[in-house]
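This report describes selected local features of one structure, shown below.

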Amino acid sequence: MTKLIRINPRDNVAVALHPVAAGETLLVGGGAVTAAEEIPQGHKIALAAIAEGQPVVKYGFPIGHATADIAAGAWVHTHNMRTNLSGEEEYSYEPAVPAVEHVEPETFMGFRRKDGRVAVRNEIWIIPTVGCVNDVAKKLAADSQDLVAGSVEGLYAFTHPYGCSQTGSDHAQTRKLLAALARHPNAGAVLVLSLGCENLQHDQFVAELGDYDPERIKFLTCQDVEDEFAAGRALLEECAEYASQFKREPVPVSGLVIGMKCGGSDGLSGVTANPTVGVFSDMMIARGGSTVLTEVPEMFGAEGMLLSRCVSREVFDKAANMLNSFKDYFISHHETVYENPSPGNKKGGITTLEDKSCGCVQKGGSAPIADVIGYGDAVTAHGLNMLYGPGNDLVSATAMTAAGAHIILFTTGRGTPFGAPAPTIKIASNSQLAAKKSGWIDFDAGPVADGEPITEAAKRLFALVLRVAGGEQTKSEQMGFREIAIFKDGVTL
């Protein structure tokens, strides 16, 4: 059994693929190292002496510096290293844009909307414009499950606490996100549910929505009717009638947009699950499809892996601005840009934000970065897209759904049960998690730690994505776990 991996020849630390006992001598990277102490799974061991102040190198990049002299074979973690990050940086464009070899796209059994877009689900969504009608939305959804029949595959209410008592850009952000969800192709039909007196008025929502099909999107303002449940039921029946006309048919994977997210990461996430998703992303892009990478704060310290791949100076400038804008967001709230990783990340072996970021961006594979889009904006470029959004699991998964992601790939080393509005495939970085939480996990990337080639794991994942796109439910879908969270940055009145 291989217990250690040196990810890059430049690295001065290795990662424990399995727990290492004190005194064990192991071969790694063409040499040998003897563990001076127990090294937990996912954690780092020094391959050579690292002097105080010297960089700790992993993935071929510095992930921090030693805060004390570290002997060869020592455990390297929060007790003897820290981040190098501070504030904004000035980035320079040094393009190294890789070529993409075209592959003829496979097909899956999906839906084709009237505007030509592809969908992997045919559902009815209830979208409240304000939190005051959340319970009305939930009751309408619960009482109307009989409408889920034929080709109509689900009926869901996506509640949230916003839509009123917000001002300026914060209010605009909520409006933009909700309208983007209403346009999502996985929703065969939509009921937009309002109260009537909220800040987010009907005319504002319609203006944000732009051109829409009135047969597909219905509106109900509860204060305008005597019985909102009777009125809502009648509109949902119209939604079901409209959505039922769509049937599954063969469509090419080139029409898919796949979101890529990690949460509850551990030290193996950047070794097994995230690289597997990265190769999958390259496979999807080779077939003319699109992928989305967000979690901007978890790009800090790993920018060197991304920016040179921007297809143009314009895209590079947008990416650099996105990175520094998010740092400004932190600083404006009197927070440090490196206030990361989480306690669970650290327990799993991630020490600094650079450590986390270098593992996180492995999901982006090696393809060119085709575009950089804002929060609530739709993916329009085929290829790898960067999306403005935070690392928070629910907020970033919602943002990717709003950008048009049909499916979200969610890698995790610790596990989580939540589901976004789009089908959410949970990918375990280690086989212990996959076995322990089989009700949460859809895909086990743990075999990569035991020698499975990442390309083979990516092929397994690609096959699963095609099955899910064709109608196979994810574990979170089976449990009915669907929710949204909106990125808030402003006062509450």
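Is Phe410 buried or exposed? Phe410 counts as buried, because its relative accessibility is 0%; buried means under 20% relative accessible area, exposed over 50% and partly exposed in between, with a 1.4 Å probe and protein chains only. The model is predicted, so local features need pLDDT of at least 70 and side-chain atom pairs count only at pLDDT 80 or more, while totals for chains, interfaces and linings use all residues. Residues are numbered from 1 along each chain as its sequence is written, and side-chain values use heavy atoms, with hydrogens and water left out.

**Aromatic contacts**

Rings of Phe, Tyr and Trp (its six-membered ring) pair if their centres lie within 6.5 Å; planes under 30 degrees apart count as stacked, over 60 as edge-to-face and the rest as tilted. The count by this rule is 16 aromatic pairs. One of them joins Tyr242 and Phe246, edge-to-face, at 5.6 Å centre to centre and with 75° between the planes. Tyr242 and Phe246 are both buried. Phe410 and Phe418 are also edge-to-face, because their planes stand at 75°, with ring centres 5.4 Å apart. Phe418 has a relative accessible area of 6% and is buried. One aromatic cluster consists of Phe300, Phe326, Tyr329, Phe330, Tyr375, Tyr388 and Phe487.

The charged end of Arg113 lies over Phe246, 4.6 Å from the ring centre. For Arg482 the ring is that of Tyr156, and the distance to its centre is 4.2 Å.

**Strands**

Helices (H or I, at least four residues) and strands (E, at least two) are DSSP runs, numbered from the N terminus. Two strands pair if DSSP finds at least two bridges between them. An open sheet of 3 strands has the order S11-S10-S16, with antiparallel pairing. Its edge strands, S11 (118–119) and S16 (249–252), each pair on one side only. Strand S10 (residues 107–112) is joined to S11 by 2 bridges, and Arg112 is opposite Val118 in S11.

Strand S14 (residues 187–194) is largely enclosed by the rest of the structure, because 8 of its 8 residues are buried. It runs parallel to strand S12 (residues 123–128), with 6 bridges between them; here Glu123 stands opposite Ala187 of S14. S14 also runs parallel to strand S15 (residues 217–221), to which 5 bridges join it. Ser194 has Thr221 in S15 as its bridge partner.

**Backbone angles**

Most residues other than glycine have a negative phi. Ser165, which is not a glycine, has a positive phi near 60°. Ser165 is in the loop between strand S13 (154–157) and helix H2 (168–182), and is partly exposed, with a relative accessible area of 24%. His334 likewise has a positive phi, of about 60°. The loop that holds His334 runs between helix H6 (313–332) and helix H7 (343–347). His334 counts as exposed, at 75% relative accessibility.

**Pockets and cavity**

On a 1 Å grid over the protein atoms alone, a cavity is a set of points where a 1.4 Å probe fits but cannot get out, and a pocket is an open set with protein on both sides within 12 Å along at least five of seven lines; lining residues have an atom within 4 Å of a point. Grid points are joined across faces, edges and corners, and a volume is the space filled by probe spheres set on the points. For the lining classes, Ala, Val, Leu, Ile, Met, Phe, Trp, Tyr, Cys and Pro count as nonpolar, Asp, Glu, Lys and Arg as charged, and the others, Gly among them, as polar.

| Space | Volume | Lining by class |
|---|---|---|
| Largest pocket | about 610 Å³ | 14 nonpolar, 9 polar, 8 charged residues |
| Second largest pocket | about 230 Å³ | 1 nonpolar, 5 polar, 5 charged residues |
| Largest cavity | about 50 Å³ | 3 nonpolar, 6 polar, 4 charged residues |

The largest pocket is lined by 31 residues, and Asp115, Arg117, Arg183, His184 and Pro185 are the closest to its centre. Residues lining the second largest pocket include Gln41, Asp266, Lys347 and Arg414. Helix H10 (residues 431–436) gives the most to that lining, with 3 residues.

The whole structure holds 1 cavity of 30 Å³ or more. Of the 13 residues lining the largest cavity, Tyr59, Asp266, Gly270, Ile350 and Gly359 lie nearest its centre. Helix H8 (residues 353–360) gives the most to the cavity lining, with 4 residues.

Conventions
A charge sits over a ring if NZ of Lys or CZ of Arg is within 6 Å of the ring centre and within 35 degrees of the ring normal.
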